[in-house]
Amino acid sequence: MNAVIACGGTGGHLFPGIAVAETLRARGHEVVLFVSEKEIDSLALSKRSEFRFEKLPTVGFPSLYSPAIFGFLRRFNESLSLCRSIYKNFKPQAVLGMGGFTSTAPVMAGKMRGAATFIHESNAIPGKANRFTARMVRAVLLGFKECAAFFPKARTEVTGTPIRTELKRLERHIARQKVGLREDLTTLLVMGGSQGASGVNQAVIKSLPSLHDLPLQVIHLSGARDERLVADNYHREQIPAYVAAFHHHMEEVYSAADFTIARAGAASLAEFAAFSLPSILIPYPYAADDHQTRNAEIFAHAHAAILLKESELSADLLARKIEEFLGNSQLLRHMAESSARLAPKDAASRVVATMEKYTNHDSGA
């Protein structure tokens, strides 16, 4: 079948979307990816010449009473007519939106054409766009079963959140060599996600003076804005660290790490679980409906993570938690096993199988 995946705007939509696209192609389907104009989308797809992708105007939903609503409607209409003109040639039979308003226009245009339409919601609490778009789809695919209650009128299928095929575990010592770190030290991975890295960076920087006597090394993905500041702080405290704005081969840093400090975006959590990584989760406090806290609670409840709220975070508390992990290999091992149990099993294949089921079923009807 010809399939469209609309997955732009954040890594949390983009990377699971790419994972589904890879599986669709492997099963002989044609795929077009719809992304946003943001830099993260261009960066991630620059190495992906096998995919055809189309850029849509970035569409963030403002408050209904804000004058920005007019700009939103204009860009939304531009997106919709762009989708419809692309569909005239591509003729999609299935359209999947991964969330965010960048995916609403492609789904709506697909519905107008009579294509089978779907959305994937990776978080435990759905975003505004998916709540709205759910009315137009044959099925809502879920990362967490806890999310089903938010879609009482829709068919829901729990698929898990897909992760990219290149995320394959490497030997730990090889992974550590690749980022220039020692093979024998406990390794912490710090990352803030494609949005909201700055709060995590500040929290970790403040805790460093309490950590420099510990047998610890750090991989810190800081985002571009804080890279110099973060690197200077590790240097000053003489803590061995690999600091980078981003790292394109995430399988290397996941394989090198023993545990992680991170936000609680659903796509990142699915990747931590796939690599059996325990986490200290600091949910992004400005996420819509505080959905990252709910994601983190599911992992904390399963003993795969410790949840710390950014508002309650102090340098001392974070340093103490890091020390607990370092001083207790049994705790680390137990949490790693709990994390692995949450790993999505073939989520991309489940998403594709669901799309095939609803699409084939209808075309044969």
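Which residue forms a salt bridge with K145, and how far apart are the closest N and O atoms? E146 does, and the closest N and O atoms are 3.6 Å apart. A salt bridge here is a side-chain nitrogen of Lys or Arg within 4 Å of a carboxyl oxygen of Asp or Glu.

This is a predicted model, in which local features need pLDDT of at least 70 and side-chain atom pairs count only at pLDDT 80 or more, while totals for chains, interfaces and linings use all residues. Residues are numbered from 1 along each chain as its sequence is written, and side-chain values use heavy atoms, with hydrogens and water left out.

## Salt bridges

Start with cover. Buried means under 20% relative accessible area, exposed means over 50%, and partly exposed lies in between (1.4 Å probe, protein chains only). E146 has a relative accessible area of 29%, so E146 is partly exposed. K145 is exposed, because its relative accessibility is 59%.

By the salt-bridge rule, the count comes to 16.

| Pair | N to O distance |
|---|---|
| E356 and R27 | 2.7 Å |
| R131 and D289 | 3.2 Å |
| E146 and K145 | 3.6 Å |

Helices and strands come next. Helices (H or I, at least four residues) and strands (E, at least two) are DSSP runs, numbered from the N terminus.

Look at E356 and R27, whose side chains meet in a salt bridge. E356 lies in helix α14 (residues 347–363) and R27 in the loop between α1 (11–26) and β2 (30–35), so the pair ties together parts that are 329 residues apart in sequence. E356 is buried, because its relative accessible area is 15%. R27 has 39% relative accessibility, so R27 counts as partly exposed.

Now take R131 and D289, another salt bridge between side chains. This pair links distant parts of the chain, 158 residues apart: R131 is in helix α5 (residues 128–133), and D289 is in the loop between β12 (279–281) and α11. R131 is partly exposed, because its relative accessible area is 35%. D289 counts as partly exposed too, at 49% relative accessibility.

## The second largest pocket

What counts as a pocket? On a 1 Å grid over the protein atoms alone, where a 1.4 Å probe fits, a pocket is an open set of points with protein on both sides within 12 Å along at least five of seven lines. Lining residues have an atom within 4 Å of a point. Grid points are joined across faces, edges and corners, and a volume is the space filled by probe spheres set on the points.

The second largest pocket has a volume of about 450 Å³. Its lining has 24 residues, and G143, F144, K145, I298 and L342 lie nearest the centre. K145 is also the salt-bridge partner of E146.

Which helix gives the most to this lining? That is α11, with five residues. Both α10 (266–274) and α11 (291–301) supply at least two residues each.

The lining divides into eleven nonpolar, six polar and seven charged residues. Ala, Val, Leu, Ile, Met, Phe, Trp, Tyr, Cys and Pro count as nonpolar, Asp, Glu, Lys and Arg as charged, and the others, Gly among them, as polar.

Helix α10 is mostly covered, with eight of its nine residues buried. Among the buried residues are L269, E271 and F272.

S276 follows α10. S276 lies in the loop between α10 and β12. Its phi is positive, about 55°, although S276 is not a glycine. Why point this out? Most residues other than glycine have a negative phi. S276 counts as partly exposed, because its relative accessibility is 21%.

D290 is another such case, with a positive phi near 50°. D290 lies in the loop between β12 and α11. At 31% relative accessibility, D290 counts as partly exposed.

## On the surface

L64 is found in the loop between β3 (52–55) and α3 (68–90). L64 is exposed, because its relative accessibility is 58%. Helix α3 holds N89. N89 is exposed as well, with a relative accessible area of 68%. From N89 to A270 the C-alpha distance is 35 Å, and the two are 181 residues apart in sequence.
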